[in-house]
Amino acid sequence: MDLQAAAAHLKAGHLVALPTETVYGLAADADQPAAVARIFQAKGRPADHPLIVHIAGGTPEALRAQVDHYAESVPAFARTLMARFWPGPLTLILPRRPGVADAAAGGAHNPTIGLRCPAHPVAHALLQACLEQGVHGLAAPSANRFGRVSPTSAAHVQDELGHVPDLLILDGGHCPVGIESTIVDASRRQPVLLRPGMISQQALEEALGMPVALPDAAAPRVSGSLESHYAPRAQVRLMPAAQIQTALDLLGSDARHIAVYSRQVVQPRSPHVRVRRMPDDAEACARQLFAVLRELDQPDVRLIWVETPPQDGLWAGVADRLARAAA
Ligand code: TXA
Ligand code: MG
């Protein structure tokens, strides 16, 4: 993998799909408006939806300089979260330096910028190579078409965006976390959890020693929080395992066009029902979730029945993605 060439490709205003620990991102130089516009175009995403800017990190001084390139100010609680969770699957929304990365922020009117320092070794090495070529940060949403399931392998990116002419796809294997970063709004006085992820509300509160609120009407809009998002083509329904079993029993050997993803063992009488076992552990489930949704989303499948996940803080990220896939 030639990361110098990939960095030069970005410097020249082109797009690169890069592996991160959460999902693959579709990256452009965050400080080049024309390059950022190509991200929105490739994804079919409305241009007023802000993008996360990824930075390399490194020594505390290097990290501070990178953050200060984009952020006008950083509250103390945000510094605490950076020290505890970066590099890693956490995005912080910060007050933005006026005039910097307007396009990545979704327009000059947006006073904030989302920053994340990813832990994936390929993402880190690419960001480092970019920095050496004068590219401060990479705007990168998930590398899927708007509203669809995020990619967790290079093959998924190829399926979603293979048609984009100048796209360079870096293959970093399967993403180890599997769902998108936890997003915390650090642009107001109190931290607000905008999008749940594998860094839980409880882990944030423990690190901060203060409460982290859930969003109210005043919170900024997050496109990943549109009610319907992360959606396969087939219809996703969430229900308890017993209900899935009852429905399969009623349909008997006639059941067709159905796939099941459940922790408890369910037994279809029909050989046409595709069944995948959901892991008992939230981390293992997150890691495979989007790949399983893609795999079950075959042309002959019209319904994907998923067992309702446990109501436990550790499962909040998975439960959120499943609820949106089902909306
Ligand atoms: O794990 C992740 O976060 C992945 C990887 C590639 O880093 N990225 C990702 O990006 O999920 P995206 O664009 O699919 O989702 C980012 C979410 C969007 O819902 C966007 O609205 C929100 O973050 N966001 C970004 N900047 C924001 C800002 N300044 N204010 C409010 N929301 C923001
Ligand atoms: Mg996305």
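Visitor: What order do the four strands of the open sheet come in, and is the pairing parallel or antiparallel?
Guide: In this predicted model, the four strands of the open sheet follow the order β10-β13-β11-β12, and their pairing is parallel.

Visitor: Which strands stand at the edges?
Guide: Those are β10 (235-239) and β12 (274-277), each of which has a single partner strand, so one side of each is left without a neighbour in the sheet.

Visitor: And how are neighbouring strands turned against each other?
Guide: On average, and with direction ignored, neighbouring strands of this sheet are turned by 20° against each other.

Visitor: How many bridges pair β10 with β13?
Guide: β10 and β13 (residues 303-307) pair in the parallel sense over five bridges, and R237 has W305 in β13 as its bridge partner.

Visitor: Switching to helices, which strands does α9 lie across?
Guide: Helix α9 lies across β11 (258-262), β12 and β13, and runs at about 175° to β11, whereas α10 lies across β10 and β13, running at about 130° to β10.

Visitor: At what angle do α9 and α10 pack?
Guide: Helix α9 (residues 282-296) and helix α10 (residues 316-326) pack at about 25°, with their axes 10 Å apart. With angles under 35 degrees counted as roughly parallel, that makes α9 roughly parallel to α10, and their crossing is left-handed.

Visitor: Which residues make that contact?
Guide: From α9 the contact is made by A282, C285, A286, L289, F290 and L293, and from α10 by V318, R321, L322 and A325. By class, the residues of this contact divide into nine nonpolar, no polar and one charged.

Methods: Residues are numbered from 1 along each chain as its sequence is written. Chains are lettered from A and ligands numbered from 1 in the order in which they are written. This is a predicted model: local features need pLDDT of at least 70, side-chain atom pairs count only at pLDDT 80 or more; totals for chains, interfaces and linings use all residues. Side-chain values use heavy atoms; hydrogens and water are left out. Axes are lines fitted to C-alpha atoms, for helices over the stretch in contact, and angles run from 0 to 180 degrees between N-to-C directions. Helices (H or I, at least four residues) and strands (E, at least two) are DSSP runs, numbered from the N terminus. Angles under 35 degrees count as roughly parallel, over 145 as roughly antiparallel, 65 to 115 as roughly perpendicular and the rest as oblique. A crossing is left-handed if the near helix is turned anticlockwise from the far one by less than a right angle, and right-handed if clockwise. Contact means heavy atoms within 4.5 Å. Ala, Val, Leu, Ile, Met, Phe, Trp, Tyr, Cys and Pro count as nonpolar, Asp, Glu, Lys and Arg as charged, and the others, Gly among them, as polar. Two strands pair if DSSP finds at least two bridges between them.
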